[in-house]
Amino acid sequence: GDLARWVEAQPPWSDLPVIVLAQRGGGIERNPAAGRFIQALGNVSFLERPFHPTTLVSMVQTALRGRRRQYEARDRLDTLRALVRRQQQDQAHLRLLINELNHRVKNTLATVQSIVTQTLRSAGASTRTRDTLTSRIVALSKAHDLLTNEQWSGADLGEIAAQAAQP
């Protein structure tokens, strides 16, 4: 009925406890209705009459304690989901900041290269001096590119040296 549909639609963390007060009638093999209750409702406890009131109170307390634990589990799951969402947002923000920083470093290196080239040219420095200094700035820029491509987790030193040695 309605209760069985509700139980079926419960969220994964939920397992509603049900206590059925039953007449004496033996186990499931002699009482097919008990089997149908278990099949339809899942978390079913049968309490056969006559019973002592303390037994009923104990069963209800146990069922309520279990239900409270389910709500605690739900809250922990919600907290974990929120933490995962926050971590994903933080990682996206960090990627954005790193990309912005990389862009600014590249712009700064290009500006330094331009200033150095113009300064050396106007000071009458030799072409060899200008080319050597410019190639060192370009090598620094290429090393930065390698680190950026590796997400700043480290770049192969041989790869950096090969980039620096290129004209």
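Which residues make up the largest nonpolar core? Ala4, Val7, Val18, Val20, Leu41 and Val44 do, six residues in all. Such a core is a set of buried Ala, Val, Leu, Ile, Met, Phe, Trp, Tyr and Cys residues joined through side-chain atoms within 4.5 Å. Helix α1 (2-8) and strand β1 (18-22) are the elements that give two or more residues to this core. Helices (H or I, at least four residues) and strands (E, at least two) are DSSP runs, numbered from the N terminus. Ala4 also touches Ala40 and Leu41, leaving aside residues up to four places away in sequence; contact means heavy atoms within 4.5 Å.

The model is predicted: local features need pLDDT of at least 70, side-chain atom pairs count only at pLDDT 80 or more, and totals for chains, interfaces and linings use all residues. Residues are numbered from 1 along each chain as its sequence is written, and side-chain values use heavy atoms, with hydrogens and water left out.

Confidence is given as pLDDT, the predictor's confidence in each residue, from 0 to 100. The chain has a mean of 88, and 92% of its residues reach 70 or more. Confidence is lowest in helix α5 (residues 157-165) and highest in α3.

| Element | Mean pLDDT |
|---|---|
| α5 | 70 |
| α3 | 94 |

Leu77 lies in helix α3 (residues 53-123). Its relative accessible area is 35%, so Leu77 is partly exposed. Buried means under 20%, exposed over 50%, and partly exposed in between (1.4 Å probe, protein chains only). Val138, in helix α4 (residues 127-149), is partly exposed because its relative accessible area is 29%.
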